[in-house]
Amino acid sequence: MPIGITIKVALKSLYANKLRSILAMLGIIIGVGAVISMLAIGAGAQAQVMERISSMGTRLLVVRPGQHGTHGVMSGQAQNLTEEDALAILNQLDSIVEATPVVSGNAQIKYFANNSRSNVIGTAITYFSIRNYEVEYGRAFTEAEVQNRARVAVMGPTTAEQLGFNINNIGESVKIDGLNFTVVGILKTKGDQGWYNPDDRLLVPFTTAMNTIFGQDSVDEIDLMAAENVDLTVVEEEVADLLRERHRIGTGGEDDFYVRNQADIIETADEFNRTFTILLGAIASISLLVGGIGIMNIMLVTVTERTREIGIRKAIGAKDRDILSQFLLEAVIMSVFSGIIGIGAGLGGADLINATTEFATLVQPFAIIVAFSFAVTIGIFFGYYPASRAAMLDPIDSLYYE
Amino acid sequence: MIIRTRNIFKTYVIGDSQVHALDDVSVDVEEGEMVAVIGASGSGKSTLMNMLGCLDKPDSGIYLLNDYDVSKLPKNKLAEIRNKRIGFVFQSFSLIPRTSALENVELPLLYAGRRDAKERAIEKLESVGLKKRMRHMPNQLSGGERQRVAIARALITNPSIILADEPTGNLDSRTSEEILDIFKGLNENGMTMLIVTHEDEVARKCKRVIQMKDGKILSDGMNQ
């Protein structure tokens, strides 16, 4: 029998039992929709984390002091990273294009009657480019101001808002732990990133911070920017070798610092998100599977109900495979239609989740293809059994079936 | 010779008991004959028709259709023979529901993979006087009209024989008459017919009557 006619016959019989067909399809529609929107949540979360991480700079390496102590007994953070270490790394390693010392701590910020407890970061001017900070109003502090231990500060937008400090106030002073600092600029917002807020801080020259605010001669962190197109793990090793040499740590000795690169963080986040996506996708796939069972159920009912029709068809010359393809096609058509409607439902669902919850969703073409082909496969798989039962029916038994 | 069977046996097992539905049946039907098969219910007449219609295979014995042994053919081959050589007319409800008269008549040709199904189906419907109602669904047709559609469907592949199982069973006497007239007309034009019936009316219209009982042929002779 020509396939065109078989399709027509299948469509007609599905249409004749509209309500039943729609109910059978509903399971697959929901399944496909769920798979697509769940994968969209996963992909959205992944994209968001990637964006956050890359906003911190993807070529960033961070050197921090290690734990201080002997034979596994830790007695606090070592204070051994210096401004000179930062300079040495910058000057001696070709793979490092920028280096900046960082000291940080929380301090009381006061502007007239308003005050806020914010993060104060003492650093060099290269910090802005390494960490992707931009000054929106006013200016950053200068190299000369760093040299002179000038009491100048660049304020984050959240801190500014808390203090009621606006662009007209640039040039005025705020008190950091009781000391007057002139605010020379306000940073452009980077957006709250969940685990910390890069907008709630004050940037000051590290020289001033070390001497005046925190009173320490070691730095808390050295931020480095690697050259383009270098392998960050290799650079990380180069930095570690240099620091071991400078800190006179012999072979087998324990490092008093550690170096991390952004790639490590990305990898961890990526792995977490992949697991999350797989989990969501797997749960949604179960509903797709249940949908397939729904189709099988309806097809079994259909076959029983149409036993006489099958008998007549066989009497006038239908072969087993004609009957098989007729009923299999009904199941496949149902699952294809459900797949298409399900894609719509998935896209709509993803939009709805985006609009009404804090999950950002991202529908990937890959997810659509996977969900759709999964649905069609399920249609074939669960349609085959009822169809083969129909095909195997004995012509006489089915002709005289009441 | 259209049909020639020799020593056909068919036994069904129902529960613990064996039913000899066909018990050593040998029957010949020549081209152009119009044969009635009569007998009480359970006499084996339906089993005989199923056997002759290649819906069933004998346990033993030989069945030659158009001088070709069909008693041991596989399922698919039998389907092909039913499609090309045999036209069935069943008692009632033998049309496929929700499928127009035209599409019902086309069906055997579609299963045969023929492309001229539609034109030929229209021709056949015209010959039974139903061209105007070819778009109607079975439930929109009267009992007589449905049987005429079934006849058109049986004729469409130019079969060697028409097998009819109680073709007038569910019809009133006037409509029965009409259907039998169509059969008679077909037979006069050379079509071989075998009609299974329990109605004397129908048997009287046939030239030859085979009477069955308990799976055996009780009598086989010409109508006076």
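Student: How closely do the axes of helix 1 and helix 11 of chain A approach, and at what angle do they cross?

Tutor: In this predicted model, the axes of helix 1 of chain A and helix 11 of chain A come within 9 Å and cross at roughly 65°. The crossing of these two helices is right-handed.

Student: Which residues of helix 1 of chain A meet helix 11 of chain A?

Tutor: From helix 1 of chain A, the residues are A:Thr6, A:Ile7, A:Val9, A:Ala10, A:Leu11, A:Ser13 and A:Leu14. Their partners in helix 11 of chain A are A:Ser325, A:Gln326, A:Leu329, A:Glu330, A:Ile333 and A:Met334. Sorted by class, this contact of helix 1 with helix 11 of chain A has 8 nonpolar, 4 polar and 1 charged residues.

Student: Why are helix 9 and helix 12 of chain A called roughly parallel?

Tutor: Angles under 35 degrees count as roughly parallel. The axes of helix 9 (residues 262-305) and helix 12 (residues 365-392) of chain A cross at roughly 25° and come within 9 Å. Helix 9 and helix 12 of chain A are therefore roughly parallel to each other. Helix 9 of chain A passes helix 12 of chain A in a right-handed crossing. By class, their contact has 16 nonpolar, 4 polar and 1 charged residues.

Student: Which residues take part in that contact?

Tutor: On helix 9 of chain A they include A:Ser285, A:Leu288, A:Gly292, A:Met296 and A:Val303. On helix 12 of chain A they include A:Phe374, A:Ile378, A:Gly379, A:Phe382, A:Tyr385 and A:Arg389.

Student: What makes B:Glu166 buried but B:Asp214 partly exposed?

Tutor: Buried requires 20 or more other C-beta atoms within 10 Å, exposed 12 or fewer, and partly exposed lies in between. B:Glu166 has 20 C-beta neighbours inside 10 Å, so B:Glu166 counts as buried. B:Asp214 has 14 other C-beta atoms within 10 Å and is therefore partly exposed. B:Glu166 is found in the loop between strand 8 (161-165) and helix 6 (173-188) of chain B. B:Asp214 is placed in the loop between strand 10 (208-213) and strand 11 (216-222) of chain B.

Student: What is the phi of each of these two residues?

Tutor: B:Glu166 has a positive phi of about 45° although it is not a glycine. B:Asp214, not a glycine either, has a positive phi of about 50°.

Student: Why is B:Lys205 called partly exposed?

Tutor: B:Lys205 has 19 other C-beta atoms within 10 Å, whereas a buried residue needs 20 or more and an exposed one 12 or fewer. B:Lys205 is therefore partly exposed. B:Lys205 lies in helix 7 (residues 200-205) of chain B and touches B:Leu180 and B:Lys184, not counting residues up to four places away in sequence.

Student: Which helix of chain A gives the most to the side that touches chain B?

Tutor: 18 residues of chain A are in contact with 22 residues of chain B. Helix 10 of chain A gives the most to the side of chain A that touches chain B, with 5 residues. That side of chain A divides into 10 nonpolar, 1 polar and 7 charged residues.

Technical notes
Residues numbered from 1 in each chain as written. Chains lettered and ligands numbered in written order. Predicted model: local features only at pLDDT ≥ 70, side-chain atom pairs only at ≥ 80, totals over all residues. Axes fitted to C-alpha atoms, helices over the stretch in contact; angles between N-to-C directions. Helix = DSSP H or I, 4+ residues; strand = E, 2+ residues; numbered from the N terminus. Parallel < 35°, antiparallel > 145°, perpendicular 65-115°, else oblique. Left-handed = near helix turned anticlockwise from the far one by under 90°. Contact = placed C-beta atoms within 7 Å. Nonpolar A, V, L, I, M, F, W, Y, C, P; charged D, E, K, R; others polar.
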